[in-house]
Amino acid sequence: MDIVLLFPGQGSQKTGMGRELASAFTDARHVFEQVDDVLHAKLSTICFEGPDELLTATENAQPALLAHGAAVWAVVERELAGRVRAAAGHSLGEFTAYLAAGALTLTDAAPLVRRRGELMRECGERQPGAMAAILGLDDAGVERLCEQASDAGIVVPANYNSPEQCVVSGEVAAVERVVELAGAAGAKRAMRLKVSGAFHSPLMADAAPGLASALASCALGDPVWPVVSNVTAEPVGTAGDARRLLIEQLTSPVRWTGVMRALWNAAPGALFVEMGPGSVLTNLVRRIVPDADAMACGTPADVDKLLQRVS
């Protein structure tokens with residue numbers, strides 16, 4: 001059975017994440033201990049016990065999600081590595097995908113994504129922004145709304161999550177204008193998201209030099225299997241392309257619909273496995289590629305189910 005790995009992004013974090021996994025598996029516990037050591041902070045305690053407001057802080061949520069995804073992968077790597085055909089991650093999750101693909105070490109990746117979170121938070125503090133989810137309109141419809149609202153400020157599509165789910169990002173007044181216009185345009189729902197900035201929009205441009213510097217200090221290598229880029233929805237096979245696209249990702253939309261279709265075309269019939277807390281990406285797979293088989297893997301019970309399926 002072929003496997004495609006998926007790693008979630010910010011928003012999937014939840015208090016208690018990874019606690020059962022670390023208790024059940026030495027390999028998972030070791031991942032959380034390594035992350036604590038390299039960050040000089042008890043991130044594992046924040047993951048396992050909260051509080052929610054501390055876990056959801058961007059500079060904590062991003063390394064927390066990386067740690068949980070890396071912990072799941074550490075538990076199942078021996079059984080799955082020879083079956084993996086490709087990987088992808090949603091926004092922050094793309095860094096976890098490169099870690100699983102051997103392009104980043106855990107000791108490089110954890111400080112890298114902590115720094116990414118800090119840079120994104122700082123951008124949001126300097127230039128406040130907002131994001132909103134628009135449900136029930138196609139991509140072209142959401143793009144038209146952004147154009148109509150542009151007189152109120154910068155607003156752009158940020159996440160093409162599925163054929164009928166798109167997130168917009170930009171200046172607060174412009175995002176609010178999109179939300180106002182969405183109902184009349186036929187959207188089923190339009191709602192502001194709880195975020196610390198206008199991610200994947202031009203408002204994140206100031207974070208790019210800092211992320212480039214952080215990436216330059218990492219020993220980023222070629223992935224052992226393709227990682228499909230959020231920016232291009234195309235497979236990446238070299239460290240140079242990975243480095244460039246991870247920087248561009250800050251200000252570019254996440255083309256998740258295209259990413260899922262590219263993965264399906266590359267590995268038709270593969271089992272898509274989401275590694276981390278929750279099942280956000282698993283549900284999106286089913287909306288984008290109805291024929292795909294997908295499952296979430298973030299707990300010991302999930303690990304047992306996955307290993308039974310591939311045995």
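Contact means that heavy atoms lie within 4.5 Å of each other. This is a predicted model, in which local features need pLDDT of at least 70, side-chain atom pairs count only at pLDDT 80 or more, and totals for chains, interfaces and linings use all residues. Residues are numbered from 1 along each chain as its sequence is written, and side-chain values use heavy atoms, with hydrogens and water left out.

**View 1**
Val 310 is found in helix α14. Helices (H or I, at least four residues) and strands (E, at least two) are DSSP runs, numbered from the N terminus. Val 310 is buried, at 5% relative accessible area. Buried means under 20% relative accessible area, exposed over 50%, and partly exposed in between (1.4 Å probe, protein chains only). Neighbours within four places in sequence aside, Val 310 is in contact with Met 1, Ile 3, Leu 80 and Arg 83. Val 310 and Arg 83 are 227 residues apart in sequence, yet 9.1 Å apart in space, C-alpha to C-alpha.

**View 1. Salt bridges between separate elements.**
A salt bridge is a side-chain nitrogen of Lys or Arg within 4 Å of a carboxyl oxygen of Asp or Glu. The whole structure holds 14 salt bridges. One of them joins Asp 27 to Arg 78, with the closest N and O atoms 3.0 Å apart. This pair links distant parts of the chain: Asp 27 sits in helix α2 (residues 26-39) and Arg 78 in helix α5 (residues 58-80), 51 residues apart. Asp 27 is partly exposed at 29%, whereas Arg 78 is exposed at 67%. Asp 293 and Arg 309 form another salt bridge, their closest N and O atoms 2.4 Å apart. Here strand β10 (residues 293-297) supplies Asp 293 and helix α14 (residues 300-310) supplies Arg 309, 16 residues apart. Asp 293 is partly exposed at 33%, and Arg 309 is partly exposed at 35%.

**View 3**
Arg 115 and Glu 118 meet in a salt bridge (3.2 Å, N to O). Both lie in helix α7 (residues 106-126), three residues apart, about one turn of the helix. An α-helix has 3.6 residues a turn, so residues three or four places apart point the same way. Arg 115 is partly exposed at 31%, as is Glu 118 at 23%. Salt bridges also link Glu 59, Arg 121 and Glu 125 in a network.

Ala 174, Val 175, Val 178, Leu 181 and Ala 182 are buried in helix α9 (residues 172-184). They cover an arc of only 125 degrees around the axis, so they lie on the same side of α9. That arc is taken from the directions from the helix axis to the C-beta atoms. The buried residues pack against β3 (129-135), α8 (139-149), β4 (155-162), β5 (165-171) and β6 (189-192). The face turned away carries the exposed residues Glu 180, Gly 183 and Ala 184. Gly 186 follows α9, with a positive phi near 100 degrees.

**View 2. An open sheet of four strands.**
The strands run in the order β4-β5-β3-β6, with antiparallel pairing. β4 and β6 stand at the edges with a single partner strand each, so one side of each has no neighbour in the sheet. Two strands pair if DSSP finds at least two bridges between them. β3 and β6 pair over four bridges. Ile 134 has Ala 190 in β6 as its bridge partner.
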